[in-house]
Amino acid sequence: MRFSVSGLFNGMVYAAGFLAALRFLNLPSSAASCVGYLAGLAAGFLMHRNFTFLVGGSWKRQMVKYGVAQAGVMSVVSGVSYIAANVMQWPTYAVIASGIVVAPVLTFTLLNYWVFPPRTDAAF
């Protein structure tokens, strides 16, 4: 449940960053999308670290792993979307749905087991 809440919050930060960059910085939509994505990336890291997985430890190392994990998820989703659209010739809604299904499952798995693994010592 916390993962879902963090994901919704991340989406809102992306949208707010995107709209702010369009309106106040006068950026083209592609650049505004990058601003929104980076804002969402930062918000997602903080939310997942401090709310979803409730971990301590080295935030610098976790941040690097988080960035690598997100790049990996983006690569996999892009590959799945390419295959769905160009090889399998699925309709657009099915291509979008494939990303909506793959991204959260892969993200949760990478974050839970690699970026923010549960601590096993009792001192935490």
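Is Val102 buried, partly exposed or exposed? I looked up its relative accessible area, which is 25%, so Val102 is partly exposed. The scale I use: buried means under 20% relative accessible area, exposed over 50%, and partly exposed in between, with a 1.4 Å probe and protein chains only.

Ground rules before I go on. This is a predicted model, so I note that local features need pLDDT of at least 70 and side-chain atom pairs count only at pLDDT 80 or more, while totals for chains, interfaces and linings use all residues. Residues are numbered from 1 along each chain as its sequence is written, and side-chain values use heavy atoms, with hydrogens and water left out.

Entry: overall layout. I find four helices and zero strands in the protein chain, in the order α-α-α-α from the N terminus. Helices (H or I, at least four residues) and strands (E, at least two) are DSSP runs, numbered from the N terminus. The C-alpha atoms fill a box of roughly 50 × 40 × 25 Å along the principal axes. Of the 124 residues in the chain, 28% are buried.

Entry: α1 and α2. Their axes are 7 Å apart and the packing angle is about 150°. That makes α1 roughly antiparallel to α2. For the record, axes are lines fitted to C-alpha atoms, for helices over the stretch in contact, and angles run from 0 to 180 degrees between N-to-C directions. Under 35 degrees counts as roughly parallel, over 145 as roughly antiparallel, 65 to 115 as roughly perpendicular, and the rest as oblique. I get 16 nonpolar, ten polar and one charged residue in the α1 contact with α2. Here Ala, Val, Leu, Ile, Met, Phe, Trp, Tyr, Cys and Pro count as nonpolar, Asp, Glu, Lys and Arg as charged, and the others, Gly among them, as polar.

Entry: α3 and α4. The axes of α3 (residues 59-87) and α4 (residues 92-115) come within 9 Å and cross at roughly 155°. That makes α3 roughly antiparallel to α4. Their crossing is right-handed. The contact of α3 with α4 holds 17 nonpolar, six polar and one charged residue.

Entry: the largest pocket. It holds about 560 Å³ of space. What lines it? There are 21 lining residues, and Asn10, Tyr37, Gln70, Ala103 and Thr107 are the closest to its centre. I see at least two lining residues from each of α1 (2-23), α2 (29-52), α3 and α4. The lining splits into twelve nonpolar, nine polar and no charged residues. On a 1 Å grid over the protein atoms alone, a pocket is an open set of points where a 1.4 Å probe fits, with protein on both sides within 12 Å along at least five of seven lines; lining residues have an atom within 4 Å of a point. Grid points are joined across faces, edges and corners, and a volume is the space filled by probe spheres set on the points.

Entry: single residues. Val102 is in α4, and its C-alpha is 10.0 Å from that of Ser81, 21 residues away along the chain. Pro104 is also placed in α4 and counts as partly exposed at 36% relative accessibility. Val64 sits in α3 and counts as exposed at 56%. Val64 and Val115 are 51 residues apart in sequence and 8.8 Å apart in space, C-alpha to C-alpha.

How values were computed: A crossing is left-handed if the near helix is turned anticlockwise from the far one by less than a right angle, and right-handed if clockwise.
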